[in-house]
Amino acid sequence: MARICVYLGSREGNRPAFRQATTKLGRTLAERGHTLVYGGARVGLMGELANSVMDAGGEAIGVMPDHLVEREQAHFGLSELIRVRNMHERKATMAANADAFIALPGGIGTLEELFEIWTWGYLGLHEKPMGLLNIDEFYSPLLTFLDSTVSHGFLAPPTREMLLDAPSPHELLDALEALL
């Protein structure tokens with residue numbers, strides 16, 4: 001099946017729903033035969049996702065720059081851990097190894113990765129589907145803002161429509177799989 005790149009926090013956040021949905025996504029990826037591609041950490045939502053994929057019999061590929069192996073606490077129990085030189089190489093490696101992209105709750109790193117891959121899609125550098133898992137309406141303010149950029153004439157409707165969103169792992173994976 002597909003390799004799904006997931007961007008998400010190296011922290012757990014402050015709502016149990018974040019961890020619960022992350023675990024459910026990991027199990028669902030494995031059950032559907034998808035391989036996880038992610039940032040390679042063993043902590044926070046990142047670690048929870050990788051562990052849930054592997055606990056369900058799936059494969060998890062992490063990509064981490066050498067300088068972050070200690071800081072982000074690399075997960076050495078993955079199917080594969082790809083070590084790269086820097087963040088640019090990390091993002092390019094993750095993108096090259098993915099057929100689709102999902103963003104879960106996270107901080108500035110998650111948002112930066114999401115917007116870069118969306119921009120790459122807009123520029124025609126890939127035609128891979130991407131979406132937000134809007135756990136507990138985490139991304140609702142962002143989605144409202146993005147819709148506002150359309151109404152203000154700064155974002156074309158087709159570009160906005162490239163970024164899917166759903167409140168549950170099953171719904172988001174169904175939408176992404178329909179585009180693979």
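**Ground rules.** I number residues from 1 along each chain as its sequence is written. In this predicted model, local features need pLDDT of at least 70 and side-chain atom pairs count only at pLDDT 80 or more, while totals for chains, interfaces and linings use all residues, and side-chain values use heavy atoms, with hydrogens and water left out.

I looked up the largest pocket and found about 670 Å³ of space in it. My pocket is an open set of points on a 1 Å grid over the protein atoms alone, where a 1.4 Å probe fits, with protein on both sides within 12 Å along at least five of seven lines; lining residues have an atom within 4 Å of a point. The volume is the space filled by probe spheres set on the points, which are joined across faces, edges and corners.

I then checked the lining: 29 residues, with Gly9, Ser10, Gly107, Gly109 and Thr110 nearest the centre. Helix 4 (108-122) is among the elements that each supply at least two lining residues, and its five residues are the largest share. Helices here are DSSP runs of H or I, at least four residues, and strands are runs of E, at least two, numbered from the N terminus.

**Strands.** Next I followed strand 1 and strand 2, which pair in the parallel sense over three bridges; pairing needs at least two DSSP bridges. Arg3 stands opposite Thr35 in strand 2. On strand 2 (residues 35-38), I found Thr35 and Val37 buried on one side and Leu36 and Tyr38 buried on the other, buried being under 20% relative accessible area with a 1.4 Å probe, protein chains only.

Key. Buried < 20%, exposed > 50% of the residue type's maximum accessible area, 1.4 Å probe, protein only.
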